[in-house]
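Please read them with the structure open beside you.

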Amino acid sequence: MWILGIDTSCDDTGVGLVKDGEVVVNLVASQVALHQAFGGVVPELASREHLKVIRPLAEKALAEAGIGPKDLSLVAATRGPGLIGALLVGYTFAKGLAWALRKPFYAIHHLEAHIAAAWPPGLNPPFLALVASGGHTHLFAVEALGRYRLLGATRDDAAGEAFDKVARLLGLGFPGGPEIERLAQEAREKVPFPVPLKDQKGYEFSFSGLKTKAVQLVEAGHPAPALARGFQEAAVEHLAQVVIRAAQDTGHRVLLVAGGVAANRALQARFQEAGLTVYFPPRGLSQDNGAMVALAAWRRYEAGFPSSPLSLGATAYWPLEEA
Ligand code: KG4
Ligand code: ZN
């Protein structure tokens, strides 16, 4: 059973192929170079680039798997949340393909796709899922596939966004996460950053204070590696403290960490020593991609969820609890 999955929610065009629940092909066309000069993603440029890339990338994915469009059993795409113009390109392409092939279409929530990327085959809910990316820092209790309870989210910046902003401050490239991680490894010392929201009762996140602190420390002339290390440690510690406390309060012992930031090795090490059973996405599946969308569709199909009507539109705003 072959599933084609497409994600064009932001600045990466992702096309993936999953066969019987296993990722076979996962192609991501990055737009990093295109947006670099502007210091952030320009939505209109992103849409136009998706439009240029989507068809050849889908053809390349099929060729790499050695199959043709007619071998597909179903087609899936990210419906939201994300940049509406960008979303529409992949979503409409996938709907058109499904219609032409007379195959079922699955509209997938971007965060469910991130969670599906970290979800090992034999694991049954309930468990906790932290999605930490450039656009989201959300902690969910996953009661079942399609049944999510939001425990807490960020009050301001997303975790990945904070890595990107601090990286920019230090004159590093985009995306900032891998750059900060690399620089932090070189550091022989660190400048300590305060861990945010230490005394809260809830499970919220906040990263804007770390960003402000970074500005002050740069102005005070601290060396970049020590700053990168201090920032990374505080950001990771903050994520860990909130999630571990949520696990203690709710009694959950299993945790999935998903989204672009889940690739961070300092974060992985910190969560692994937390006394929980923790799962991360395999390499290449933590950042935005199409295979995770196909994996979510596979889970939905296997669980007996109906396919989505082709009349259903894409949406920029869509809480996961409503997916
Ligand atoms: O999931 P993703 O590809 O896109 C969104 O849905 O936002 O996440 C991208 C984010 C970026 O902010 C990037 O800096 C961050 O994930 N990221 C990392 C690492 N690799 C990517 N953050 C920290 N450490 C990393 N190794
Ligand atoms: Zn994402």
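This is a predicted model: local features need pLDDT of at least 70, side-chain atom pairs count only at pLDDT 80 or more; totals for chains, interfaces and linings use all residues.

1. A polar side-chain atom of His110 lies 3.4 Å from an oxygen atom of ligand 1, a pair that falls under the polar contact definition (N or O atoms within 3.5 Å; within protein, one must be able to donate a hydrogen and the other to accept it, and residues adjacent in sequence count only if both atoms are side-chain atoms).

2. Residues are numbered from 1 along each chain as its sequence is written, chains are lettered from A and ligands numbered from 1 in the order in which they are written, and side-chain values use heavy atoms, with hydrogens and water left out.

3. Which residues come nearest to ligand 1? Of the 22 residues around the ligand, these are Gly134, Asp164, Glu181, Asn264 and Asp288, where being near requires a heavy atom within 4 Å. By class, the shell has five nonpolar, 13 polar and four charged residues; Ala, Val, Leu, Ile, Met, Phe, Trp, Tyr, Cys and Pro count as nonpolar, Asp, Glu, Lys and Arg as charged, and the others, Gly among them, as polar.

4. The UniProt annotation "binding site", from an unreviewed entry, covers His110, His114 and Asp288. Although these residues are spread over 179 residues of sequence, they cluster in space, with a largest C-alpha distance of 8.7 Å. For "binding site" the unreviewed entry also lists Val131, Ala132, Ser133, Gly134, Gly135, Asp164, Gly177, Glu181 and Asn264. UniProt positions are given in the numbering used here, feature names are shortened, and annotations may be inferred rather than shown by experiment.

5. His110 is found in helix H4, residues 110-118 (helices, H or I, of at least four residues and strands, E, of at least two are DSSP runs, numbered from the N terminus). With a relative accessible area of 4%, His110 is buried, which means under 20%, as against over 50% for exposed and partly exposed in between (1.4 Å probe, protein chains only).

6. Not counting residues up to four places away in sequence, His110 touches Asp7, Ser9, Thr78, Gly80, Pro81, Asp288 and Met292, contact being taken as heavy atoms within 4.5 Å. Two of these neighbours can be named with side-chain polar contacts: Ser9 at 3.4 Å and Asp288 at 3.1 Å. Asp288 sits in the loop between strand S10 (277-279) and helix H10 (291-302), and is buried at 16% relative accessible area. Beyond its neighbours within four places in sequence, Asp288 is in contact with residues including Asp7, Ser9, His110 and His114.

7. Ser133 lies in the loop between strand S6 (127-132) and strand S7 (137-144) and, at 7% relative accessibility, counts as buried. Among its contacts, sequence neighbours within four places aside, are Ala158, Ala159, Gly160 and Val261. Val261 itself is found in the loop between strand S9 (254-258) and helix H9 (265-272) and is buried, with a relative accessible area of 9%.

8. Asp164 is found in helix H5 and is buried at 18% relative accessible area; its contacts, not counting residues up to four places away in sequence, are Phe174, Pro175, Gly176 and Gly177. Gln232, in helix H8 (residues 224-250), is buried at 7% and is in contact with Glu181 and Asn264, among other residues more than four places away in sequence.
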